[in-house]
Structure formats: C-alpha cells, structure tokens
Amino acid sequence: MSPIRAFFLYASISSLASAAPVGVNDVYQEHGGILVMEAERTPSSLGTGTDRWALYTPGVANYVDGAVQEAHLEFRGNSINGGNPKTPLTYRFKINETGYYHLHLRARARLDGAAGDKNNDCYVKVNGVNGAPIGAGPNVGNDHMDDASVTLLTNNTKIYGGSPTTWGWANLLDAGGESNKRWPVYHFTAGSTYVLSVSGRSINFNFDRIVFRKSTIVDTSAKSTAIPE
C-alpha cells in the first residue's frame with residue numbers, strides 16, 4: 001500500500017502542495033488485496049484557471065473535516081450539471097495478486113445550494129501499462145447493476161456518489177440514464193502495472209482517497225480510514 005518513491009517524500013501536506021510532481025517511476029503497490037491511494041498524491045498537475053483541482057487543507061475555506069492525511073481535492077471547472085472530462089489526474093499502481101478488484105472513491109458533494117443530485121461526480125478510467133491486460137467483472141452485462149464492460153472501464157466514464165454533508169463513497173458508474181448503472185469491477189493480473197485517471201466532471205466535487213479492493217475483501221474493511229496509503 002505504500003508507494004515506491006522515485007524521489008524523497010515530503011514531510012507535510014503544505015510542502016507537498018508546492019513541490020514539483022514526483023516521477024513516473026512512482027508506483028503504488030497492492031498488498032493483501034487492498035490498494036489505497038491519497039487523492040492529493042497524484043504526480044499530475046492540478047491545473048490552472050477554472051479547470052483546476054483545488055487542494056484543501058485544514059484552515060482553508062471549504063476544507064471538509066475528516067479528510068485522511070488532512071487534505072483533499074475539489075474540482076473547480078464545468079458546472080453543477082457536469083461537462084467534458086477536464087484536467088486528468090493519474091495514479092500508477094502495481095497488482096501483486098490476480099483477481100477481481102472493485103473501485104471506490106471517498107467523496108463529498110459541496111452542493112452550495114444546488115439540488116442533492118448535483119456536484120457529485122467525476123470521470124474515471126483505467127489503462128494497462130505496456131499492454132497489461134484488463135478484464136471485466138464476473139457479472140458483466142448490459143443491464144442495470146451489472147458489472148461494467150471493458151469499454152466502460154477503460155474509457156472516461158462518470159462515477160458518482162458520496163455525501164453532501166460529510167465524507168461518503170462513490171461506488172457506481174453511470175452508463176447513461178437513471179436505471180442504467182454499472183459496478184466498476186476490474187480483472188487485474190499479478191505483476192502488471194496500471195494507471196487510473198480521474199478527470200473533473202462537475203464543479204465542487206471533492207475526493208479524498210482511492211480504494212481498489214479484491215472481491216474477497218469486505219468493502220467496509222477496505223474503506224476503513226485506519227488503512228494507510
């Protein structure tokens with residue numbers, strides 16, 4: 001779960017925010033069927049202008065109490081109804097145990113007066129490095145609440161969820177329509193490296209950490225904030 005750092009680790013979140021991104025050799029390691037990555041640890045640029053991701057730490061306006069490692073990101077582009085993928089953030093990771101893995105984002109929607117179904121989504125996609133294979137879940141299909149197809153998993157697809165009042169979880173992909181959702185379940189191969197991309201969709205969407213859990217791990221256990229990065 002601890003990333004292999006190509007450069008030294010920064011001692012504080014504030015220094016992390018001002019530091020140059022780490023190198024492409026920075027790879028998170030799945031361990032025991034669980035992979036945890038902090039949102040703010042991306043090596044990607046957070047962007048500029050209206051399409052940026054804002055880094056929030058304690059004492060900053062709009063910081064949400066309870067963020068793990070005391071920092072989280074909020075997308076500042078598009079509108080409350082969403083838009084095209086903007087400012088992708090990447091997270092590189094290696095799988096050590098072959099299996100089916102579920103994706104969860106620890107998330108919050110800052111509604112700022114908007115309806116309860118706004119400000120609660122981003123785009124995600126996963127791609128293999130050097131041809132690393134990605135398969136769909138065991139219950140892949142085209143019906144509501146089936147596992148997502150490889151096409152949905154490997155292209156920018158809306159993931160939504162969380163809470164408007166505290167930290168919750170984004171657990172489902174939107175294949176288009178109120179009754180057309182899919183589970184983000186991936187088949188990963190041991191020894192392979194993958195890249196998760198998280199792109200902005202709706203303004204005021206916050207996320208704190210990323211969890212991949214093997215299907216043999218109970219989701220409440222994998223979502224525990226006591227699990228280190």
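**Notes on the predicted model**

1. A polar atom of the E229 side chain is 3.3 Å from the backbone nitrogen of E38. The E229 side chain also makes a polar contact of 2.6 Å with the side chain of Y28. E229 belongs to the segment after α3 (219–222); helices (H or I, at least four residues) and strands (E, at least two) are DSSP runs numbered from the N terminus. E229 counts as buried because its relative accessibility is 12%, buried being under 20% relative accessible area, exposed over 50% and partly exposed in between (1.4 Å probe, protein chains only).

2. The model is predicted, so local features need pLDDT of at least 70 and side-chain atom pairs count only at pLDDT 80 or more, whereas totals for chains, interfaces and linings use all residues. Residues are numbered from 1 along each chain as its sequence is written, and side-chain values use heavy atoms, with hydrogens and water left out.

3. The average pLDDT (the predictor's confidence in each residue, from 0 to 100) is 90 for the protein chain, and 89% of the residues score at least 70. Over residues 1–24 the pLDDT stays under 50; the model has 40 contacts for them beyond four places in sequence, a contact being heavy atoms within 4.5 Å. Where pLDDT is low, the predicted coordinates should not be read in detail.

4. The largest nonpolar core contains 34 residues, and those with the most contacts inside it are Y91, F93, F188, L196, F207 and F212. Such a core is a set of buried Ala, Val, Leu, Ile, Met, Phe, Trp, Tyr and Cys residues joined through side-chain atoms within 4.5 Å. Leaving out residues up to four places away in sequence, L196 touches several residues, including M37, L89, Y91, F93, L103, I210 and F212. Another core, of seven residues, lies apart from the largest one; I34, V36, W169 and V211 are among them.

5. R213, in strand β15 (residues 205–214), is buried yet has no salt bridge, and D219, the nearest side chain of opposite charge, is 4.8 Å away. A salt bridge needs a side-chain nitrogen of Lys or Arg within 4 Å of a carboxyl oxygen of Asp or Glu. What does the R213 side chain contact instead? There is a polar contact of 2.9 Å between R213 and the side chain of H104, and a polar atom of the R213 side chain lies 2.8 Å from the backbone oxygen of I217.

6. The count of salt bridges comes to twelve. One of them joins D208 and R106, with the closest N and O atoms 2.6 Å apart. D208 is in strand β15 and R106 in strand β6, so this pair ties together parts 102 residues apart in sequence. Both D208 and R106 are buried.

7. D121 and R201 form a salt bridge whose closest N and O atoms are 3.2 Å apart. Here D121 in strand β7 is linked to R201 in the loop between β14 (193–200) and β15, 80 residues apart. D121 is buried at 3% relative accessibility, and R201 is buried at 16%. Salt bridges link D121, K158, D174, K181 and R201 in a network.

8. N78 sits in the loop between β4 (72–75) and β5 (86–94), and D112 in the loop between β6 (99–109) and β7 (121–128). N78 is partly exposed, with a relative accessible area of 25%, whereas D112 is exposed at 65%.

Definitions and conventions: Lys, Arg positive; Asp, Glu negative; His and termini not counted. Polar contact = N/O pair within 3.5 Å; in protein donor to acceptor, adjacent residues only side chain to side chain.
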